[in-house]
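Student: I would like to go through the charged side-chain pairs here and the reasons for the labels they get.

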Amino acid sequence: QVVVGGLHGRTNIGQMLDGKYRIDAFISEGGMGSVYRATHVLLGKTIAIKLIKKELVTSDDIVRRFQREARAASNIDHPYIVTVHDLGQTADGMLYIAMEFVEGRSLREEIRHKGPMAPPRIVRILRQVASALASAHRRQIIHRDLKSQNIMLGKDSDGQELPTLVDFGIAKTFDEPATQLTATGFAMGTPQYMSPEQAAG
């Protein structure tokens, strides 16, 4: 078994991560890292793996903060928020998050492929996303990277459209000031979607 180190793009497909997860396919790459479709080998379960860029893992303190905030985000139990299964760090220091794999397009991809949506569909999706955010906010968690790419449009067991909010990797918690991932004056997120207070650090 090979412990994956320095995964980038479509390389290393088929290798093992942390002795548990087989990397099957590249999905996307963003500011925090890359996302892959993977298999939990012992369970035979399809999951999504997010590998955090090594340049963000600059100290043990950053690792501890990231782990605390990721754990807090994983405790949000809501039908429209992705389920986080595991959080870990490989022997060579790479952080990863293993989460529910959502079959479907992102909201961004859906709009690009099909164009403008009907107003009733828009309202339904936004209500569900707002419900997910409200649940997070009640637990003192702010997503900080809300954008169309982070809303996956899957299906529920009845075949109805089910939006799922993903990527709480840079979520901010307010229950304990010392657990903040970012330092004052340092902004994380996607510039095109940032709120003014985020852009101001």
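This is a predicted model: local features need pLDDT of at least 70, side-chain atom pairs count only at pLDDT 80 or more; totals for chains, interfaces and linings use all residues.

Student: What makes Arg-22 and Asp-24 a salt bridge?

Tutor: Their side chains come to 2.8 Å, N to O. The cut-off is within 4 Å, so the pair qualifies. By this rule the count comes to seven salt bridges.

Student: Why is Arg-22 called partly exposed?

Tutor: Its relative accessibility is 32%.

Student: What makes Glu-110 and Lys-114 a salt bridge, and where do they lie?

Tutor: The closest N and O atoms are 3.5 Å apart, and the limit is 4 Å, so the pair counts. Both residues belong to helix H2 (residues 107-114), four residues apart, which means about one helical turn separates them.

Student: How do you know whether Glu-110 is buried or exposed?

Tutor: Glu-110 has a relative accessible area of 7%. Buried means under 20%, so Glu-110 is buried.

Student: Which parts does the pair of Glu-161 and Arg-124 tie together?

Tutor: Glu-161 and Arg-124 form a salt bridge, with the closest N and O atoms 3.5 Å apart. Glu-161 is in strand S10 (residues 161-165) and Arg-124 in helix H3 (residues 119-138), so the pair ties together parts 37 residues apart in sequence. At 15%, Glu-161 is buried, whereas Arg-124, at 38%, is partly exposed.

Student: Which residues are linked with these in a network of salt bridges?

Tutor: The network links Arg-105, Glu-110, Lys-114, Arg-121, Arg-124 and Glu-161.

Terms used
Residues are numbered from 1 along each chain as its sequence is written. Side-chain values use heavy atoms; hydrogens and water are left out. Buried means under 20% relative accessible area, exposed over 50%, partly exposed in between (1.4 Å probe, protein chains only). Helices (H or I, at least four residues) and strands (E, at least two) are DSSP runs, numbered from the N terminus.
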